[in-house]
Amino acid sequence: MDATTPGSLAPGVLEREDLKRALAEHDFAAAFALIKKWGGLSQNRIAVACQLTPSKVSTIISGQQQITSFEVICRISDGLRIPGRMVGLADRPWEVQTDAPGPASPPGQASNLPDEASWRPAKTVHLAGELTRSDLVMDRRAVTRALSGAALFGVALLDSIEGWLQPAPTPTPRRQHGRIGMREVEELEGTARAFRAWDHRYGGGLRRKAVVGQLNEVASHLEEHQAPAVERGLFRVMAYLGGTAATIAWDSGFQKQAQSYYLLALRAAHAAGDGAFGANVLAGMARQMLYRDRPQDALELVHLARKGVSTTAGPRLRAMLHTREAWAYAAMGRGAAFRRASGEASEALANAGPEDEPYWIKYFDEAELAGVTGGRLLEMARKEPKQHAQVAADTIREAVAQRGTEAGRSHALDTIGLAECHFLMGDVTSAVDLTGQAVAAAARTQSARVRTQLGQLYPYTVGRGASQRIAEARTMIRDLLSN
């Protein structure tokens with residue numbers, strides 16, 4: 001069943017008051033039983049439509065298992081064509097159809113960024129122009145299709161970026177120069193800095209097109225013959241903008257598009273001779289792999305980054321790379337290695353001064369270290385709550401106190417994590433209070449990643465008896481995720 005096929009329930013079934021009530025209360029045991037009885041669907045057909053196993057449907061109907069996942073509720077709505085409002089969701093995509101045709105390929109695929117792509121600057125400019133032009137003409141249906149694009153991983157990814165370790169080419173002096181000078185380059189860099197600050201605070205894709213449009217403009221300047229210093233400066237700006245475009249795409253769930261912009265940013269940093277920012281890009285790619293459950297790939301990317309800046313990285317950059325390494329070790333279950341790498345991050349950060357590194361790494365301070373470390377401890381606490389939940393809560397609380405609400409997306413992620421720690425510790429009262437704060441913080445961002453993390457709190461609010469406060473927390477989460 002796809003998004004254009006008609007619903008499989010017989011006419012009038014959704015008008016039954018008993019089914020309406022069951023769906024509104026998320027009583028899927030009763031809802032599935034009524035759908036079987038009055039809708040003429042077998043357990044197998046319900047399972048297929050909702051992407052569940054028949055045995056799972058059976059345990060739900062028998063009351064042995066409750067549905068606590070927001071994602072599964074969405075699948076039930078989509079699979080059985082139950083209007084979103086009937087299960088507390090916003091209108092589902094299939095409820096409003098459009099006949100407008102979309103382009104042949106989603107963003108990040110038209111650019112094609114081949115594995116064997118040369119690391120010559122001219123090739124980087126060509127890739128930038130191709131990728132941004134494709135992205136700027138996309139319609140909304142093409143954006144939706146982009147969600148299904150698969151990012152590279154393993155050998156296909158790692159072998160394609162080995163060229164980053166080669167020396168950057170020296171720009172060839174030209175008699176005729178382009179129309180811009182270093183002042184314009186500095187202005188473009190200021191714009192890139194503003195875009196990065198906006199994304200770091202709010203997240204999401206509100207200014208995605210503006211970033212991509214600016215990136216396209218920089219590529220057009222590089223198609224002209226520029227003075228060597230101007231050319232290097234423009235490639236540096238391209239790297240900054242490419243990194244922001246990648247973060248926006250990743251934060252919005254567009255994995256393939258994000259990776260395409262990361263690869264472009266890495267090539268641009270190479271052409272600019274900016275090894276430090278290239279290492280930062282590789283750290284972003286490692287983070288993407290960690291969220292895709294590819295910790296070994298992430299570790300390889302971090303090691304590649306550290307090798308490229310082994311003698312030039314400043315203390316904040318070194319600390320950030322150590323935290324990515326620690327993250328990978330935590331995901332692998334290597335507790336001792338996680339603690340070692342986290343300690344190395346703390347030691348490196350202790351040597352950081354106020355003016356010793358570029359603006360794009362200034363965000364990495366003691367609060368950021370606490371937030372990242374606390375997040376990894378939380379992941380470990382999900383498996384061993386008695387051993388890790390309290391220390392995870394203490395570490396995340398330190399990040400919350402230091403960052404404050406002005407941190408936007410990071411504050412929301414911290415608060416969500418802190419609420420989950422208290423659920424794991426059995427402190428339901430504090431967990432519910434923090435859930436309310438987390439929902440309020442999430443509402444102030446446009447980050448899909450924040451909403452995904454908030455959805456992980458939903459299971460903790462289901463099946464806890466008749467507590468009014470738990471029900472209110474569940475409703476707050478559901479209302480925000482439904483819009």
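Student: How many aromatic pairs does a search of the whole structure find?

Tutor: The search finds eight aromatic pairs, where rings of Phe, Tyr and Trp (its six-membered ring) pair if their centres lie within 6.5 Å, and planes under 30 degrees apart count as stacked, over 60 as edge-to-face and the rest as tilted. One of them joins Tyr240 and Phe277, whose ring centres are 4.8 Å apart with planes at 70°, so this pair is edge-to-face. Please keep in mind that this is a predicted model, in which local features need pLDDT of at least 70 and side-chain atom pairs count only at pLDDT 80 or more, while totals for chains, interfaces and linings use all residues. Residues are numbered from 1 along each chain as its sequence is written, and side-chain values use heavy atoms, with hydrogens and water left out.

Student: OK, and where do Tyr240 and Phe277 sit in the chain?

Tutor: Tyr240 is in helix H11 (residues 228–251) and Phe277 is in helix H13, so the pair links distant parts of the chain, 37 residues apart; helices here are DSSP runs of H or I with at least four residues, numbered from the N terminus.

Student: Are those two buried or exposed?

Tutor: Both Tyr240 and Phe277 are buried, a word that means under 20% relative accessible area, whereas exposed means over 50% and partly exposed lies in between (1.4 Å probe, protein chains only).

Student: What about Phe277 and Trp360, how are their rings arranged?

Tutor: Their centres are 5.1 Å apart and their planes are at 80°, so Phe277 and Trp360 also make an edge-to-face pair. Trp360 comes from the loop between helix H16 (335–350) and helix H17 (366–381), 83 residues from Phe277, and Trp360 is buried at 2% relative accessible area.

Student: Which residues form the aromatic cluster, then?

Tutor: Tyr240, Phe277, Tyr359 and Trp360 form one aromatic cluster.

Student: Switching topic, what sits over the ring of Trp327?

Tutor: The charged end of Arg376 does, 3.7 Å from the ring centre; the rule is that NZ of Lys or CZ of Arg is within 6 Å of the ring centre and within 35 degrees of the ring normal.

Student: And which residue has a positive phi of about 55°?

Tutor: That is Gln51, although it is not a glycine, and Gln51 lies in the loop between helix H3 (43–50) and helix H4 (54–61). Most residues other than glycine have a negative phi.

Student: How exposed is Gln51?

Tutor: Gln51 has 59% relative accessibility, so it counts as exposed.

Key
Helices (H or I, at least four residues) and strands (E, at least two) are DSSP runs, numbered from the N terminus.
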